[in-house]
Amino acid sequence: MATYLGTHGGNVQKFTTDPDNPIEGQVWYDATANTIQFRAASFTAAWSTITSVNTARDGNKTSGSTTAALCTGGNTPPYTGANESYNGSNWTEVNDLNTAKYAVAGAGASNTAALCFGGNGPSPPNYLNETESWNGTSWTEVNNLNTARSTLSGAGASDTASLAVGGYTGTGRNIVESYNGTNWTETADMNQARWSFGANGSNTAALAVAGETPPRTAVAEEFNGLAPVGSWASVNDLNTARTSLMGAGTGTAALAFGGEASPGVEDATESFNGTNWTEVNDMNTARAQGGAAGSTNTASLVFGGQPPTTGATETWNGTNWTEVNDLNTARYTLGGAGTNTSALAFGGTDGTVRAFTESFNGTNWTEVNDLNQQRRQLAGCGASNTSALAFGGRNAPPDRQAVTESWNGSNWTELNDLNTARNYLGGLGSATAALAFGGTAPSATGATEQWNGTSWSEKADLNTARYLLSGSSTSSTEGLAFGGNSPPITAATEEWASTAFSTKTVTTD
């Protein structure tokens, strides 16, 4: 067995306190603590010079690690698409970007998978929205940023999960977009618009620090993709722009049907899979301003509408619409809640504003107790014909309402009002956790409010203010808003998600 004496040529010394100025590697016995002590090496962080890149430049993008990195784009001058790969020892010239650019941003954890986006190009308009993806061999142009800009920052560990943050378009921007490997989606803005700042982290947990506003700022903000604060993000549009449409389903499995396009009333139906809208079989009766119910895009219900005023009811099985028994009172601009086997229809007008409520059991409509406040152009949501919420609407002009009523299967009870009285609004969620968005108050609004079962609180607005829109979801934490009139009539679709920036403090000397 090897011993300390045999290895180091001396015995372990005994001390009652630490020895004066011990040298690196020295070992001693602490008789007071009855332990062996050791003087470890002291390490200090420092920069060391390594091999230079082949092309001198600034305004470039770097990504990867200390052993697998990329240096991309920049200004030499002129602007360049030069791309170099680092293996831990040397830089090697590899395939260039498709577009020479400067003041770009990017993301990626290695030299085999990266993303480069935004920047300045050599020809006006100088601000770029181009995005290119690197597979270890070449750059491929993919879907563009929604907003062209330069001197932005990027975060994310891969080319399929990235953030593009802030930037400059003649003024500082606070725009944030998230990339999923296919599309960029606008998400919650930073609190501080800025450019030329530092950012790091992932697409769900990132940090933005300092930068130019002007003036220069020390503000740091943290992005938490799981924070319980709502925001709207733009996703792929409907195929047919329309207003006064109906909707059902969830944020990842939705159905949009009917409405008014240009020109005329629509019977068109589109199904949403979480990414894209697909045209499917039309309704039997073209209509607008009807009621709807349904928890997915495979089981939905449409009832009422106009022109002419109808009580026609159709049920959707995922493939086709089938006519079933009509409402007892034909009407339009009514509210709806529930599923295709357990639904509620309330309010609306047939020339006279109604408080009528009808319950559907999958076969027949039955008249039940009326709303406390008769109204049309209202919104509703809920899980069944025994649990629903009705809010907003209008009686006679200019009587926009903020009234909220809850249905318990037998009666309507008035609860706390919306903060903003409005009509032609959209709604999604349940009787205890709902979202009210858009509408007229009196002009088009993007105002969004969240219901917690007791009261409404104001949340982040829609990106596009509009009315006569529709929504889908049985949850107030995820869902869709689509179509409507801003004006003009729009096909825009926005997704509600829980993402937000929160401000943190940075101190400077």
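This is a predicted model: local features need pLDDT of at least 70, side-chain atom pairs count only at pLDDT 80 or more; totals for chains, interfaces and linings use all residues.
**Exercise 1. Classify the ring pair formed by Trp 451 and Trp 456, and state whether each residue is buried or exposed.**

*Solution.* A pair of aromatic rings is described by the distance of the centres and the angle of the planes.

Step 1. A search of the whole structure finds 18 aromatic pairs. For Trp 451 and Trp 456 the ring centres are 5.2 Å apart, which lies within the 6.5 Å limit for a pair.

Step 2. The planes of Trp 451 and Trp 456 meet at 45 degrees, so the pair is tilted.

Step 3. Buried means under 20% relative accessible area. Trp 451, at 2%, is therefore buried, and Trp 456, at 7%, also counts as buried.

Step 4. Another tilted pair is that of Phe 360 and Trp 365, with centres 4.8 Å apart and planes at 40 degrees. Both Phe 360 and Trp 365 are buried.

**Exercise 2. Identify the largest nonpolar core and the elements that give two or more residues to it.**

*Solution.* Step 1. The largest nonpolar core has 11 residues in all, among them Ala 379, Phe 391, Leu 425, Trp 451 and Trp 456.

Step 1. Two or more residues come from each of strand E32 (379–384), strand E33 (387–391) and strand E37 (434–437).

Step 2. Beyond its neighbours within four places in sequence, Ala 379 is in contact with several residues, including Phe 346, Leu 389, Phe 391 and Leu 425.

Step 3. A second, separate core of 10 residues includes Leu 344, Leu 371, Leu 378 and Ala 390.

**Exercise 3. Describe the open sheet that contains E9 and E10, and the ring cluster that includes Phe 117.**

*Solution.* Step 1. The order of the 4 strands is E8-E9-E10-E11, and the pairing is antiparallel. Strand E8 (105–107) and strand E11 (139–142) are the edge strands, each pairing on one side only. The twist averages 25 degrees from one strand to the next.

Step 1. Strand E9 (residues 114–117) is joined to strand E10 (residues 131–134) by 4 bridges. Phe 117 has Thr 131 in E10 as its bridge partner.

Step 2. Ring pairs link Phe 117 with Tyr 179 and Trp 184 in a cluster.

**Exercise 4. Where does Arg 149 lie, and is it buried or exposed?**

*Solution.* Step 1. Arg 149 is located in the loop between E11 and strand E12 (153–155).

Step 1. The relative accessibility of Arg 149 is 0%, so the residue counts as buried.

Step 2. A polar atom of the Arg 149 side chain lies 2.6 Å from the backbone oxygen of Gly 166.

Step 3. Leaving aside neighbours within four places in sequence, the contacts of Arg 149 include Gly 118, Tyr 127, Val 165, Tyr 168 and Glu 177.

Key. Residues are numbered from 1 along each chain as its sequence is written. Side-chain values use heavy atoms; hydrogens and water are left out. Two strands pair if DSSP finds at least two bridges between them. Axes are lines fitted to C-alpha atoms, for helices over the stretch in contact, and angles run from 0 to 180 degrees between N-to-C directions. Rings of Phe, Tyr and Trp (its six-membered ring) pair if their centres lie within 6.5 Å; planes under 30 degrees apart count as stacked, over 60 as edge-to-face and the rest as tilted. Buried means under 20% relative accessible area, exposed over 50%, partly exposed in between (1.4 Å probe, protein chains only). A polar contact is a pair of N or O atoms within 3.5 Å; within protein, one must be able to donate a hydrogen and the other to accept it, and residues adjacent in sequence count only if both atoms are side-chain atoms. Contact means heavy atoms within 4.5 Å. A nonpolar core is a set of buried Ala, Val, Leu, Ile, Met, Phe, Trp, Tyr and Cys residues joined through side-chain atoms within 4.5 Å.
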